[in-house]
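Hi there,

Here is the structure I promised to pass on to you. Have a look at it first, and then read my notes below.

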Amino acid sequence: MEIPVICNVLEANEKLSARLKEHFARHGILTLNLISSPGAGKTSLLERTLADLSPEFRMAVIEGDLQTDNDAQRVAATGAQAVQINTEGGCHLDSNLVMEALGALDLSEIDILFIENVGNLVCPVEFDCGEDAKIALL
């Protein structure tokens, strides 16, 4: 007897993403997902954005990286809350990883949440992380 197991890998992510969107909306948080190829300048853009907007907005960053926390350290040096997610070789962040990272943040203290995705322009486009918009840096 053959039992077909067909599950859309994106389906579970989409359900969790919808929950994240509702969660962010309840807290009044604008959530932006930064994507680009490796080395395109996501962290440099974030450093400048965080510095320029810090007088007006409370911001935090969920930082995705294959292995290091170098970018999270750079972001934290601006005074913004930073949470590191190491994907251990995974090419993107997904809603489950973002949900786990939220436990380290005080959402009542955030106006804008940046998700700095892993450097890759293929997978991050497909996986919604509950963001209001994706920003592609080219």
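The notes below go from the sheet to the helices and end with one asparagine.

Please keep in mind that this is a predicted model.

**The sheet**

Let's begin with the strands. Five of them form an open sheet, and its order is β3-β2-β4-β1-β5, with parallel pairing. At the edges you will find β3 (81-86) and β5 (133-137), each of which pairs on one side only. From one strand to the next, the twist averages 20°.

With strand β4 (residues 112-116), β2 pairs in the parallel sense over 5 bridges, and Val 61 stands opposite Phe 114 of β4. With β3, β2 pairs over 6 bridges, again in the parallel sense; here Ala 60 has Gln 81 of β3 as its bridge partner. If you follow the chain from β2 through helix α3 (residues 70-76) to β3, you trace a right-handed β-α-β unit.

**Helices on the sheet**

Helix α2 (residues 42-53) packs on the sheet and touches β1 (30-36), β2, β4 and β5. The direction of α2 makes about 170° with that of β4. Helix α4 (residues 95-102) lies across β2, β3 and β4, and runs at about 135° to β3.

Which residues of α4 are buried? They are Ser 95, Val 98, Ala 101 and Leu 102. These residues cover an arc of only 125° around the axis, so they sit on the same side of α4. The buried residues of α4 pack against α1, β2, β3 and β4.

The N-terminal end of α4 is capped by Asp 94, with a side-chain oxygen 3.1 Å from the backbone nitrogen of Asn 96.

**Asn 13**

Is Asn 13 buried or exposed? Its relative accessible area is 6%, and because buried means under 20%, Asn 13 counts as buried. Leaving aside neighbours within four places in sequence, Asn 13 is in contact with Asp 94, Ser 95, Asn 96, Phe 127 and Asp 128.

Best wishes

How values were computed
Residues are numbered from 1 along each chain as its sequence is written. This is a predicted model: local features need pLDDT of at least 70, side-chain atom pairs count only at pLDDT 80 or more; totals for chains, interfaces and linings use all residues. Side-chain values use heavy atoms; hydrogens and water are left out. Buried means under 20% relative accessible area, exposed over 50%, partly exposed in between (1.4 Å probe, protein chains only). Contact means heavy atoms within 4.5 Å. Two strands pair if DSSP finds at least two bridges between them. Helices (H or I, at least four residues) and strands (E, at least two) are DSSP runs, numbered from the N terminus. Axes are lines fitted to C-alpha atoms, for helices over the stretch in contact, and angles run from 0 to 180 degrees between N-to-C directions. A crossover is right-handed if, with the strands pointing away from the viewer, the path from the first strand over the helix to the second runs clockwise. The arc is that of the directions from the helix axis to the C-beta atoms. A polar contact is a pair of N or O atoms within 3.5 Å; within protein, one must be able to donate a hydrogen and the other to accept it, and residues adjacent in sequence count only if both atoms are side-chain atoms.
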